[in-house]
Structures are given as structure tokens and as C-alpha cells.
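Hi everyone, thanks for coming.

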Amino acid sequence: MSEKQQFHADVIIVGTGPGGATAARELARRGKKVLLLERGIDYRTKSYYGTYLGALVYADRLSLLFTEEGLNIVRPLMVGGATSMYCGCAAQPPAWLKDRYGVDIDTEVAETIDELQIAPLPEDLRGTASTRLAAAGQALGYAWEPQLKFMKPARSSHFECGAKCMLGCRCGAKWNAAEWVDEACHAGASLFTRAQVQRVLIDSGHAAGVEGLLAGKPFSAAAGTVILAAGGIGTPRILQASGLSQAGQGMTMDITAMVYGFIHEQGIGNEPPMTWSWENLETGYMLSTLIDPWLLFPIINALKGPRYPLYWPRWNQTLGVMIKLKDSISGGVFANGKISKPLTENDRPRLKMAEDVCRAILKEAGADPDSIFMTPLRGTHPSGTVRIGEMLGQDLQTEIPGLYVCDASTFPEALARPTVLTIIGLAKRLARSLP
Ligand SMILES: Cc1cc2nc3c(=O)[nH]c(=O)nc-3n(C[C@H](O)[C@H](O)[C@H](O)COP(=O)(O)OP(=O)(O)OC[C@H]3O[C@@H](n4cnc5c(N)ncnc54)[C@H](O)[C@@H]3O)c2cc1C
């Protein structure tokens, strides 16, 4: 029988999404011996990166991961985590994070905005049809604004950020956390891919390392500090297997739906995703300009009913508004592998209000009123499964000294807005607070 592989580090970081990549870069630059463990691989150099085939290969269960209630979840398992498939949107952390939970990441966020030159796309790249939707929203009194982006068109020689940039960015304009994994490794961190962490090792009540499978073979790694950044689904599963059974009880998802309507002119299909948005903080939802990529459009619509995939030929004459609802904490990620995310009585009426506003905006923008429909619900931001204020202190430490969580799991409430900038802020703050 082959011996278990064993490794040592000062800090072990599990997961290479924005939480793990940021913490790894910070700590490696400070001279810490960092071991970064990622269950997926780096797909950036593969010929199918950024294609429909790629999106199937690197997303959990070929993108066919569903909650018990039928919400589809896209969960990329790869170096860079979900930023490989995100829409490149940035948003300031919600004010309540500081006001209600005492977590102040203003400095780290401002620094990140500056470093990555986060800004809206230039006016001429925001898309004619997307801008038409935003203007319709504004005409109805909703203050739509250009969306902040982790995208720099100047980085690309052939900026082509259509809806398909959600499959993975091929033109290079979009920042991906994998870049900070590269920088962490450049600063001395060790990255192991195909390293699936199963459990945290605890010795005399203190974090002592992790164990799992490396390319299918058992391994263990020792360190006095362990940071779990395996995402809103991965992190609670590791904690449950480590004896912290409260993890995964309840979750948020920023429950999402698209509302579509058809026009006679060109729609938003080939325009960069989410170039404009508007937040209704009072009711708790965000709207943005978005459509599913061409091949996914009929598949998602088929979940609504047999007649909806027939709209496929009109994909490029479609206007789309995405709803992200600030959903209540409900359901959870359970040890038996199931994920549940029921809508609550508090969620339903607010979702209906958001849908009505979308319908009004689409009509104002010239969509045929009879063509407007809302897609089935989905979950794009699995989060809030290891919440600050319940399982975590303000310093992101669990009840086990030396064991920290730094990813979307930590959100104490649904953000209902892009998550990545907040996660980066949390990770920088955590890395700087460690001895
Ligand atoms: C299609 C799509 C579009 C989006 N658009 C935006 C957007 O425009 N702006 C925005 O801010 N957010 C967006 N998001 C959400 C955002 O990308 C995620 O919320 C964010 O990446 C979460 O970061 P994280 O660090 O929590 O985890 P993740 O990015 O999910 O990273 C977790 C990593 O941990 C790894 N992992 C999991 N389990 C294990 C294990 N047991 N052992 C080792 N490794 C493990 C995974 O493979 C993964 O690489 C989008 C998401 C999707 C799916």
C-alpha cells in the first residue's frame, strides 16, 4: 500500500476563487509559506477554455447542479473559481456589513478598485440595446447606472465581450482570480491542483492542517493556520466533515431570474453582459442588463415549458433584464449532498414586485408586451452558509482557533449584488490581520 503523502506549510488555503487567491497572494508576499489547494485544474490554456464545451467541463455536474426545489446552480470548479465564468461586475460592499456586523473593508476595497482600475465600460462599449434598456428604466424613474466592471478592454487586442464571456473570457479583458493565483505562486506559494480537501485536522482544539485526496490519492498537510475558501457550497461541506455541524444550515443565493421580451431590432445578445444596473435597496433586489448565452437560452427556457425553447431563433432580438433578489436565509447545504433553497413568504412578493418593474421597463424599451416572460429561478451566488455573527467572528475565525473562512460562505445576509469585490476586501483584511 502506498504511503500517504504529507506536506507542511505556515498557512493552508483551500480554494482558488477570489477569497483564496487574494489571501494567498497577500500572505505569500509577506513571506509566509503558503500551500494553496484546489480541487479543479487550470483550464486557461485549454483550447476549449471560454467555449460551451468548456463551461460543461469545468462546472460541477456539467452545469446540471440543481437544488431540491429545481434552482439551477452554475458552480465552476477550477483555478480562479467562479471568477472564470463571472460577468466581470464589481460592486461596493453593502453598507450594512460595516453598520450591522462591524466589518470594515473600505480601505481594502478602495485599494482594489485602484489596483485593478475597476470602472464602468466606456460609453461606446456598453451596448446599444443595453443602453436602450437603461434609458427605459430611467424614463420610468429608476436610476440605472453604468455597472462597475473588472474589465479593461485595453488589455485585449480583440475585445469581444458578448454574452458568451460567461463561459470563460477568451479575449483577456476580464480580470480572473487565477491571475492572483499566478502572482501568489510567483511570490513563493505552492499550488496543488486536483487537491480535494475533505476535512480539517484539529489537534488539542486548534487547527492543525487538512486531509483529502490529491489526484485521487490520500494526502495530509500540516499548518497552524487553515483558511477555507472553497466557496458557499464547498466550505460548509468541509466544516461538516470536520465536526462543525452548524455549517450549511441555511443559505442565501441572490435568487436570480431573467425577464425577456422581443424587439424587431438587434437585442443585447452580442453585447457585454451587465453593463447597466439599478438597485432597489428598499425592496431588496438588483436589476441588470443580461441574456443567457446563445446555446443556453433554449435550454434554460425549456425548463419553463415546451413552447419557450421555440423562441431560440429570436435570441438576437431579445432584450433581457436580470433580477437578483435579496433572498432570506433558508434551506442549506447538507451533509447528505443535497442543497435546498426554498423561496420564503418574505421573498415571493418582493420577487413579484421586481418582475413587474422588469416588465414595465421592457415595454417602455419597445418590447412586444405579449412576448415578455420570466425564466425559471436559479441560484448564482451560493453564499451565507457559514455566517459572520453566527459561526464566525468579525475576524472570520471559527470556534476552532487557527481555522478561518474567507469566501462567499461568510456573508451574514444576501448581498443581492456582485460579490467578488466584497470577498477580495474580506480576504485582504484577513490576510493582513494574521500574525
Ligand atoms: C455565471 C456567473 C456569473 C457571475 N457574475 C458575477 C459578477 O459579474 N460579479 C461578481 O462579483 N460575482 C459574480 N458571480 C459570483 C462570483 O463569481 C462568486 O460569488 C465568487 O467567485 C465566489 O467566490 P468564492 O471565493 O466564495 O468561491 P469560488 O469562486 O466558488 O471558489 C471556490 C474554489 O474552491 C474550490 N473548491 C471547492 N471545494 C473544494 C475542496 N473540497 N477542496 C479544494 N478546493 C475546493 C473550487 O473548485 C473553486 O475553485 C457570478 C457567478 C456565476 C456562476
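Predicted model: local features only at pLDDT ≥ 70, side-chain atom pairs only at ≥ 80, totals over all residues.

The protein has 10 helices and 23 strands. Its radius of gyration is 21 Å, close to the 22 Å that the globule rule gives for 435 residues, so the protein is as compact as a globular protein of that length. If you follow the C-alpha trace along its principal axes, it spans about 65 × 50 × 45 Å. Buried residues account for 55% of the 435 residues. And if we take contacts between residues at least 6 apart in sequence, 74% of them join residues at least 24 apart.

Now, the ligand. Which residues come nearest to it? Of the 40 residues around the ligand, those are Gly15, Gly17, Gly81, Gly234 and Asp407. Sorted by class, this shell has 22 nonpolar, 15 polar and 3 charged residues. Helices H1, H7 and H10, along with strand S10, each supply at least two residues of the shell. Helix H7, residues 231–241, gives the most, with 4 residues.

Three strands form an open sheet in the order S14-S19-S20, with antiparallel pairing. Strand S14 is joined to S19 by 2 bridges, and Met251 stands opposite Ser330 in S19. As a reminder, strands of a sheet pair through backbone hydrogen bonds, either parallel or antiparallel.

Key:
Residues numbered from 1 in each chain as written. Near = placed C-beta within 6 Å. Nonpolar A, V, L, I, M, F, W, Y, C, P; charged D, E, K, R; others polar. Pairing = 2+ DSSP bridges. Rg over C-alpha atoms; globule rule 2.2 N^0.38 Å. Buried ≥ 20, exposed ≤ 12 C-beta atoms within 10 Å, placed from the backbone. Contact = placed C-beta atoms within 7 Å.
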